[in-house]
Amino acid sequence: MPRALFVLSAAKDITLNDATTHPTGFWAGEFATPYRLFADAGWDLAVATPGGATPTPDPVSLDEKTGEPDALDGLDDVLAHPLPLEQVDSADYDLVFYPGGHGPMEDLAVNEDSAALLTARLEADAPLALLCHAPAVVLATANGEGASPFQGRALTGFSNEEERAGGLADKLSWLVEDRLIELGVDYIKADEPFAPRVVADGSLYSGQNPASAGPLAQLILDDFNED
């Protein structure tokens, strides 16, 4: 039975470019949809956050107009007591999956434990999935000269157009698409904002937006079933 680890942000707010904060967290459906697909396939699943803090869902992701109000139904116990990220061993898992939401931009994008986990996955050519805003976490892998093991790797992630449509682009200190390109990632996106887009570069998987959650998880399941 494959084992997968979901790494979630522990951030409750994101700091804006005027030094104020905006409520955030992880995007509920980006966690719940893949989690349920893997669970239905019989996988052994775990959740980790920085410090083992209980993660907070982005309220927008649970709003009936912008998200899925019942996305996390039945998953309270799963989320209540996550593993401390600093105690995670990459070798214990067949897949590491980072859901998005703006939360990862606040904490995981600068988290050394996450950077070590990401680097270990790449070095071992072990399956790693990053969804929506979660590709921001690769920024933590850059060294003092700005070099990262993700340079040259194909990745998608939440686009500038999508951020502008969401109304936060002008308020954020930086945008995921911009930073990935600056880091030297081979950034790929869908022709239309909010259309599903999934990219696979060897064992590195990524999805552009919430609509990509199901397709991303299904691609991973299909690849595992072929092995």
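What percentage of the 227 residues of the protein chain count as buried? The share is 51%, where buried means under 20% relative accessible area with a 1.4 Å probe, protein chains only. This is a predicted model, in which local features need pLDDT of at least 70 and side-chain atom pairs count only at pLDDT 80 or more, while totals for chains, interfaces and linings use all residues. Residues are numbered from 1 along each chain as its sequence is written, and side-chain values use heavy atoms, with hydrogens and water left out.

**Overall form**

- The protein chain has seven helices and eleven strands, taken as DSSP runs (helices H or I, at least four residues; strands E, at least two) and numbered from the N terminus.
- The C-alpha trace spans about 45 × 40 × 35 Å along its principal axes.

**Contacts**

- Of the contacts (heavy atoms within 4.5 Å) between residues at least 6 apart in sequence, 76% join residues at least 24 apart.

**Largest pocket**

- A pocket is an open set of points on a 1 Å grid over the protein atoms alone, where a 1.4 Å probe fits, with protein on both sides within 12 Å along at least five of seven lines; lining residues have an atom within 4 Å of a point.
- Its lining comprises 25 residues, with Trp27, Val60, Thr66, Phe158 and Gly166 nearest the centre.
- Helices α1 (28-40) and α5 (160-166) each supply at least two lining residues.

Methods. Buried < 20%, exposed > 50% of the residue type's maximum accessible area, 1.4 Å probe, protein only.
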